[in-house]
Amino acid sequence: MKKRPGLASMTAVYRRELLSYVTTPTAYVFIAVFLFAIGLFTFQVGGFFEARRADLTSFFSFHPWIFMVFLPAVAMRLWAEETRSGAIELLMTLPAPTWSLVLGKYLAAWTIAAVALVLTFPLWITVNFLGSPDNAAIFTAYLSSLLMAGAYIAIGTVMSALTAAQVIAFVLSVLVSFLLTALGLPLVLDFFSGFIGGAGAEAVARFSILHHFDAAQRGVVEFRSIFYFASLIALCLGFTALAVDARRGG
Amino acid sequence: MLLQVDGLRKRFGRRQAVDGIGFSLDVGEIVGFLGPNGAGKTTTMRMIAGYLEPDEGTAKIFNIDVAQERRRAQERVGYLPEGAPLYGEMTPWTFLRFVAETRGMSREAARHAVRRAAQDARLGETIDQPIETLSKGYRRRVGLAAALLHDPMLLILDEPTDGLDPNQRHAVRDLIRKLGEERGLIISTHSLEEVEAVCTRAIVIDQGRIVADKTPAALIDEHGSLERAFQTLTRGEERV
């Protein structure tokens with residue numbers, strides 16, 4: 001079967017990128033560190049057992065904060081490494097549409113995040129062993145978390161396309177991710193309401209990742225949150241494609 | 001006409017890297033780009049390969065404008081970038097499969113193309129070894145195989161023999177000569193003997209402009225030797 005050329009390129013880039021994650025220690029280290037961190041926060045900071053509730057609130061509530069550091073590290077090499085090694089020249093002289101390259105790389109990084117999330121299943125088994133949680137709510141929260149992970153990776157992707165230095169890409173993505181997340185913190189909101197009033201602060205909060213993940217982690221699906229994350233991803237990937245294409249201009 | 005280049009210009013900041021380059025190329029020709037470092041050889045090749053967009057001028061491959069219809073033009077070009085950048089963690093086999101599939105080939109067609117290109121570039125036993133463990137000569141051959149995968153009519157090779165030992169250089173030159181029989185080739189090189197050995201035409205570039213476009217024999221006739229021709233025709237950074 002002959003696939004559409006863009007799709008074939010995207011699949012090829014996706015597979016290569018995934019292969020590169022698993023043939024170097026990168027993916028394993030990321031996933032191991034992620035699982036360690038999420039465990040530490042859930043049990044030590046979140047008080048998973050002390051809460052004596054059969055749910056995963058203490059687990060999901062730390063996702064934005066861990067993703068914020070962990071996912072820029074996954075995404076930082078996507079484009080920066082191509083630029084540094086010069087392989088970008090090879091990639092951009094292949095007759096593939098830019099979107100297929102951007103999407104293929106992005107989806108590979110997202111897959112690593114998905115694998116990391118799936119590997120937290122022992123926690124889900126644990127709560128089911130200890131009590132009878134609302135599994136539908138947990139499933140929804142997992143999907144929301146995956147969508148949120150997609151947003152953080154998209155931020156990391158665009159930063160990676162803007163520089164040849166992975167470290168700079170990492171630092172910039174953490175910074176942007178932090179700002180977008182922390183906009184929803186009461187601390188930050190109080191600060192804003194001092195200037196622009198309560199309603200203004202409320203409006204600012206609507207643009208924060210935390211705000212949109214808040215309902216989702218309790219298992220509530222809100223269309224506008226899905227829309228928010230999807231638009232954030234689309235916006236970042238659109239900018240990535242523009243940044244990649246802009247290189248042709250020299 | 002396989003390739004028609006007219007009035008190509010490219011500026012980086014204040015530096016005019018390419019300043020009105022024009023020439024044409026037919027099947028059966030092997031053109032050697034000669035010129036000092038920074039003369040604009042690589043920038044010109046990049047614009048023909050569709051990696052950079054020209055500020056002015058056009059490059060047309062079989063009358064397809066590279067800047068207007070980039071992907072259609074790129075389907076007809078094989079390009080070996082300077083230094084042959086590759087993905088070190090891949091093997092030539094997986095790397096070439098990747099390039100073929102990114103070009104839109106089906107998995108079956110890709111397998112077939114990789115086998116043929118690996119044979120043409122004489123990759124031999126190295127096909128399953130990680131690229132980062134290969135010698136410079138073999139890496140260059142992997143880059144060449146990648147450029148040959150889709151059997152393009154136009155090949156653009158940026159310093160294909162740079163950094164190779166004499167035996168490897170000899171092997172790559174034989175390959176270039178063979179490829180040039182039914183294709184059009186542009187190679188850039190600093191080796192004047194290479195131009196004499198494989199090129200049917202030499203284009204000497206200096207400061208973004210073509211200063212000579214003749215057969216190597218005609219250049220030697222005129223200046224006594226290619227080296228004299230190079231020194232007389234180009235100034236480069238050293239002499240400015």
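The model is predicted, so local features are described at pLDDT of at least 70 and side-chain atom pairs at pLDDT 80 or more, while totals for chains, interfaces and linings use all residues. Residues are numbered from 1 along each chain as its sequence is written, and chains are lettered from A and ligands numbered from 1 in the order in which they are written.

Helices (H or I, at least four residues) and strands (E, at least two) are DSSP runs, numbered from the N terminus.

Chain B itself is assigned domain 1 (3-76 + 153-239) and domain 2 (85-151), with bounds that come from an automatic or database domain assignment. The C-alpha centres of domain 1 and domain 2 of chain B are 24 Å apart. Their contact takes 11 residues from domain 1 of chain B and 8 residues from domain 2 of chain B. On the domain 1 side, β7 (154-158) and α6 (166-179) of chain B are the elements that give two or more residues, and α6(B) has the largest share with 4 residues. This side of domain 1 of chain B consists of 7 nonpolar, 2 polar and 2 charged residues.

The largest nonpolar core has 146 residues, and Ile153(A) and Ala145(B) have the most contacts inside it. Such a core is a set of buried Ala, Val, Leu, Ile, Met, Phe, Trp, Tyr and Cys residues joined through C-beta atoms within 7 Å. A residue is buried if 20 or more other C-beta atoms lie within 10 Å of its own, exposed if 12 or fewer, and partly exposed in between, with C-beta atoms placed from the backbone. Helix α9 (residues 135-162) of chain A gives the most to this core, 14 residues, and domain 1 and domain 2 of chain B each supply at least three. Beyond its neighbours within four places in sequence, Ile153(A) is in contact with Leu71(A), Val74(A), Ala75(A), Tyr106(A), Ala109(A), Trp110(A) and Ala113(A).

The axes of α2 (residues 26-45) and α4 (residues 63-75) of chain A come within 11 Å and cross at roughly 180 degrees; axes are lines fitted to C-alpha atoms, for helices over the stretch in contact, and angles run from 0 to 180 degrees between N-to-C directions. The two helices α2(A) and α4(A) are therefore roughly antiparallel, a term for angles over 145 degrees. From α2(A), Phe30(A), Phe34(A), Ala37(A), Ile38(A) and Phe41(A) meet Ile66(A), Phe70(A), Ala73(A) and Val74(A) of α4(A). This contact of α2(A) with α4(A) has 9 nonpolar residues, no polar and no charged ones.

Several single residues complete the picture. Pro97(A) sits in the loop between α6 (87-92) and α7 (98-118) of chain A and is partly exposed because it has 17 C-beta neighbours inside 10 Å. Leaving out residues up to four places away in sequence, Pro97(A) touches Gly6(A), Ser9(A) and Arg71(B). Leu18(A), in helix α1 (residues 5-23) of chain A, is partly exposed with 19 C-beta neighbours inside 10 Å. In chain B, Phe62(B) has a positive phi near 50 degrees although it is not glycine, and it lies in the loop between β4 (56-61) and β5 (64-65). Arg122(B), also not a glycine, has a positive phi of about 50 degrees and is found in the loop between α4 (107-120) and α5 (136-148) of chain B.

Notes. Contact = placed C-beta atoms within 7 Å. Nonpolar A, V, L, I, M, F, W, Y, C, P; charged D, E, K, R; others polar. Parallel < 35°, antiparallel > 145°, perpendicular 65-115°, else oblique.
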